[in-house]
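Me: I'd like to go through some labels for this structure and ask where each one comes from. Shall we start with how open or hidden a residue is?

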Amino acid sequence: MNEFVIVGGGVAGARAVEGIRESGADGEILLVSAEEQLPYQKPPLSKGTLAGDDPLDSAILHPQEWYDDRAVTLRLGTRVESLDAAGHTVALADGTTLGYRRLLLATGSSARRLDVPGADLVNVLSLRSMDESAELRARLVAGSNVVLVGAGWIGLEVAAAARAHGCEVTVIEPQPTPLYGVLGPELGSWFTRLHESHGVRFRFEDGIAELTGDGAVSGVRTTSGEFLDADTVVVGVGIAPNVELAEGAGLEVDNGILCDAALHTSDPDIFAAGDVANWFNPTLEARIRVDHWANANDGGYAAGQSMAGADVSYDKVPFFFSDQYDAGLEYAGHVPRGTETEVVFRGDPESGQFMAFWLADKRVLAGMHVNVWDTIGDVTELIKAKVEVDTHRLSDPGIPLGELR
Ligand SMILES: Cc1cc2nc3c(=O)[nH]c(=O)nc-3n(C[C@H](O)[C@H](O)[C@H](O)COP(=O)(O)OP(=O)(O)OC[C@H]3O[C@@H](n4cnc5c(N)ncnc54)[C@H](O)[C@@H]3O)c2cc1C
């Protein structure tokens, strides 16, 4: 029996190794990943390795020696097919059964697929893995027609990368702006202007009726009846957490694997972290599931500590970042879907350097900056303070954010 088994070779899985070892536990660790590569992180796959010339392996988190030094056995290219929580075993695709004392589910998420005629044509791509990033990079040829389905984070970053390679880019999005459900119309329209100024064309309030082509995709018919030529279609319509193992084992699942603040699932010897975990966040006093890098990084570490027996309360304010053209942005906070918010700007959005805040009941729920670096720590503290703020002072770049708490 292995002391610790980690399922998943993403950031959450790799960081759990650190959490376990830095808590002083020295039992055997086995990390199983369905992918062939050493555990890697995904943000570079839509940025440096797609828009620029960074090698794909720059996304790899640690070399093999790092795992050797920590007495971690890697089983790569091996899927865990099922979990027997009562028996404390996992069954691998190669027929092996492994015992564990404590198990981490860090299985991440999968890209949602389109459910329209032609969705399985060649060159209709998703972007989730290193292999998919390499496949897409090879298709970003100057002058080719790239149609993006969905103006979320992935769609927008791919749009920027495709423009960097001189592709003709059209984005089809059912909402009236990019990122409408995440940031709302005020910020969404800023992203429209950013991308249009770089030559991206949008079709808002439109969808995909069918993808056409003879073997490989060559066109897209939208629900409004427009026909667009397409050499490559990239589908960025969101993700679904990989909860199948948890469901099969009878763990509690509801938009992710339900966990407490110590990242315990409903089984005391099974933990979850990263995209797949829906945990109770003590700072927000709510259960949330977050599919961003920082949560996999911090949550993976916290889960490792918890597996090693440390007393853990994983209470980080959600955080994410994105890079598009010259715009680098960071966002902290959480606005529950459907919350009525007031949006306050600090600085002029048209200058390309500004901040934005989302408030409810005069309290800051979330804040973001574009190219105003070293501010996100103050934004996070303002959110945690949960105090009423004066919106005039909040909008004044001359008043330090620290004075508003
Ligand atoms: C292209 C791209 C760009 C991104 N950019 C950003 C960004 O700029 N900023 C940001 O904050 N976030 C970004 N994200 C999101 C961020 O990368 C994810 O939140 C993060 O990868 C989640 O890490 P994870 O370890 O939970 O899961 P994952 O990274 O999804 O890793 C899960 C691993 O588990 C493996 N696995 C799944 N099921 C099994 C099984 N049954 N058996 C064995 N192995 C299994 C998978 O193969 C995978 O290796 C991006 C995501 C993508 C795809």
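Me: Why is F321 called partly exposed?

Reply: F321 has a relative accessibility of 29%. Buried means under 20% relative accessible area, exposed means over 50%, and partly exposed is in between (1.4 Å probe, protein chains only). The 29% of F321 falls in that middle class, so partly exposed is the label. Bear in mind that this is a predicted model, where local features need pLDDT of at least 70 and side-chain atom pairs count only at pLDDT 80 or more, while totals for chains, interfaces and linings use all residues. Residues are numbered from 1 along each chain as its sequence is written, and side-chain values use heavy atoms, with hydrogens and water left out.

Me: Which residues does F204 touch?

Reply: Leaving out residues up to four places away in sequence, F204 touches E173, Q175, P176, T177, P178 and T192. Touching is contact, meaning heavy atoms within 4.5 Å.

Me: How do you know that V149 is buried, and what does it touch?

Reply: V149 has 5% relative accessibility, so it counts as buried. This residue sits in strand 9 (residues 145-149). Its contacts, again skipping residues up to four places away in sequence, are L114, I172, I208, V233, V234, V235, G236 and V237. R203 is 54 residues from V149 in sequence, with 9.9 Å from C-alpha to C-alpha in space.

Me: Why is the pair W66 and Y67 called edge-to-face?

Reply: The structure holds twelve aromatic pairs. In the one made by W66 and Y67, the centres are 4.9 Å apart and the planes are at 75°. Rings of Phe, Tyr and Trp (its six-membered ring) pair if their centres lie within 6.5 Å; planes under 30 degrees apart are stacked, over 60 edge-to-face, and the rest tilted. W66, at 11% relative accessibility, is buried, and so is Y67, at 0%.

Me: What makes W293 and F321 an edge-to-face pair?

Reply: Their ring centres are 6.2 Å apart and the planes are at 70°, so this pair is edge-to-face. W293 is in helix 9 and F321 in strand 21 (residues 319-324), so the pair ties together parts 28 residues apart in sequence.

Me: Which residues form the aromatic cluster?

Reply: One aromatic cluster is formed by W153, W190, F191, F320, Y331, F345, F354 and W358.

Me: Why is helix 5 described as largely enclosed?

Reply: Nine of its twelve residues are buried, so helix 5 is largely enclosed by the rest of the structure. The buried residues are W153, G155, L156, E157, V158, A159, A160, A161 and A162. After helix 5 comes G166, which has a positive phi near 80°.

Me: How do helix 1 and helix 9 cross?

Reply: The axes of helix 1 (residues 11-22) and helix 9 (residues 293-307) come within 6 Å and cross at roughly 35°. Axes are lines fitted to C-alpha atoms over the stretch in contact, with angles from 0 to 180 degrees between N-to-C directions. Among the residues making the contact are V11 and R15 of helix 1, and N297 and G300 of helix 9.

Me: Why is N297 called buried?

Reply: N297 has 13% relative accessibility, so it counts as buried. This helix 9 residue touches V11 and R15, not counting residues up to four places away in sequence.

Technical notes: Helix = DSSP H or I, 4+ residues; strand = E, 2+ residues; numbered from the N terminus.
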